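Please read them with the model open beside you.

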Amino acid sequence: MQRRYITVDVFTGRAFGGNQLAVVLDAGGLSTAQMQAIATEINYSETTFVLPPRDKAHDAEVRIFTPVVEIAFAGHPNVGTAFVLTSMAKEPKPRLLFEEKAGLVPVEIVKEQGRVVRTELTAPQPLARHAPLSPAEAASCISLSADDIKTDNHAPHVVTVGNAFLVMELHSREALKRARPDAAAYGKILPRDGARSVWFYTRDVPAAEAPCERQARMFMRGASGLVEDPATGSATVAAAALLADLDPMGDGELKLTVGQGFDMGRPSLLLTRVRKQDGRIVSAHVGGQCVQMMEGTFRLAGEE
């Protein structure tokens with residue numbers, strides 16, 4: 001059986017930027033073990049598998065795999081999968097609804113002059129915040145010191161809106177650039193409260209990196225050890241929800257443009273917005289542009 005796939009670069013408007021994603025369009029009949037093996041073979045940070053929805057009112061069931069594990073929810077896989085499905089559709093919908101392990105994930109399609117310019121997901125779960133870590137503990141994961149961690153706004157701690165991350169703020173852009181994963185410290189501290197990855201950011205953004213209002217990096221476990229991710233939508237939207245939760249604003253919408261991947265040659269722009277009503281978060285969103293890169297087919301050995 002020939003199965004189709006399309007690859008896209010997500011959270012970028014140019015080829016070879018952003019975060020790579022492979023979308024397997026004909027995933028029916030694949031076992032979980034086969035999906036994991038395919039994702040490991042492709043070796044992108046995530047690969048999605050598109051299946052018929054369990055409920056016909058929805059558009060698809062989407063399963064998401066890193067090279068080492070299936071995950072309940074992620075950002076760039078939703079943004080990229082929605083872009084692929086919309087680009088293929090004869091009559092594109094303005095909104096898609098995906099069934100995922102973390103729940104239902106709505107993705108809005110933003111078009112200009114009949115062309116898809118970006119897609120934007122809504123986080124499937126409300127913000128959850130876990131117990132804080134000490135600055136020294138958190139900093140050790142990324143080979144920095146406690147002095148590099150900024151705690152004026154929030155302590156390092158695990159947050160989630162569907163996928164958990166250890167989130168921390170750094171004082172400077174220089175510290176962000178200097179960070180490196182420390183395997184021993186990483187293995188000692190994580191996983192914790194469901195978090196297996198570290199996302200860290202700074203407000204110290206030079207004018208040359210505009211329109212970014214924050215710069216971020218993220219380290220995760222890959223097939224060959226700890227690797228860097230060029231754009232992490234699920235962490236970015238969780239952090240945006242955290243910052244909105246800390247903001248005293250009662251009603252309205254908080255928007256933030258976050259850069260990621262700049263220090264690894266794959267610059268990404270993630271557009272977030274968080275809606276608040278009566279001082280409480282109503283919804284959290286992240287979106288961006290995508291560029292289609294490659295397409296093809298494959299047949300697994302032994303399949304007829």
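1. Let me begin with proline 191, which sits in the loop between α5 and β13 (198–202). The bond that links leucine 190 to proline 191 is a cis peptide, with omega at about 5°. Please bear in mind that this is a predicted model, so the angle is a computed value and deserves a look in your viewer.

2. Alanine 210 is joined to proline 211 by a cis peptide whose omega is near 15°. Proline 211 belongs to the loop between β13 and β14 (214–222). As background, most peptide bonds are trans.

3. Serine 143 lies in the loop between α3 (135–140) and β10 (149–150). With a relative accessible area of 39%, serine 143 is partly exposed, because that class covers the range between the 20% limit for buried and the 50% limit for exposed.

4. Aspartate 278 is another residue to check. Its phi is near 55°, again a positive value in a residue other than glycine. Aspartate 278 is placed in the loop between β17 (268–277) and β18 (280–288). Is aspartate 278 buried or exposed? It is exposed, since its relative accessible area is 62%. For context, most residues other than glycine have a negative phi.

5. Now to helix α5 (residues 183–189), where lysine 188 is found. Lysine 188 counts as exposed because its relative accessibility is 75%. Its C-alpha is 9.5 Å from that of glutamate 137, although 51 residues separate lysine 188 and glutamate 137 in sequence.

6. On the overall fold, the chain has 6 helices and 19 strands. Among its contacts with a separation of 6 or more, 64% are between residues 24 or more positions apart. Its C-alpha atoms fill a box of roughly 60 × 45 × 35 Å along the principal axes. The radius of gyration is 19 Å, which agrees with the value near 19 Å that a compact globule of 304 residues would have.

7. Finally, burial and surface. Of the 304 residues, 53% are buried. The chain exposes about 13,200 Å², and carbon and sulfur atoms supply 50% of that area. How far apart are the mean positions of the positive and negative charges? They are 1 Å apart, for 33 positive and 36 negative charges in the chain.

How values were computed. Residues are numbered from 1 along each chain as its sequence is written. This is a predicted model: local features need pLDDT of at least 70, side-chain atom pairs count only at pLDDT 80 or more; totals for chains, interfaces and linings use all residues. Side-chain values use heavy atoms; hydrogens and water are left out. Helices (H or I, at least four residues) and strands (E, at least two) are DSSP runs, numbered from the N terminus. The radius of gyration is taken over C-alpha atoms; the globule rule is 2.2 Å times the number of residues to the power 0.38. Buried means under 20% relative accessible area, exposed over 50%, partly exposed in between (1.4 Å probe, protein chains only). Contact means heavy atoms within 4.5 Å. Accessible areas come from the Shrake-Rupley method with a 1.4 Å probe; for residues, only the protein chains shown count as cover. Lys and Arg count as positive and Asp and Glu as negative; His and the chain ends are not counted. The place of a charge is taken as NZ of Lys, CZ of Arg, CG of Asp or CD of Glu.
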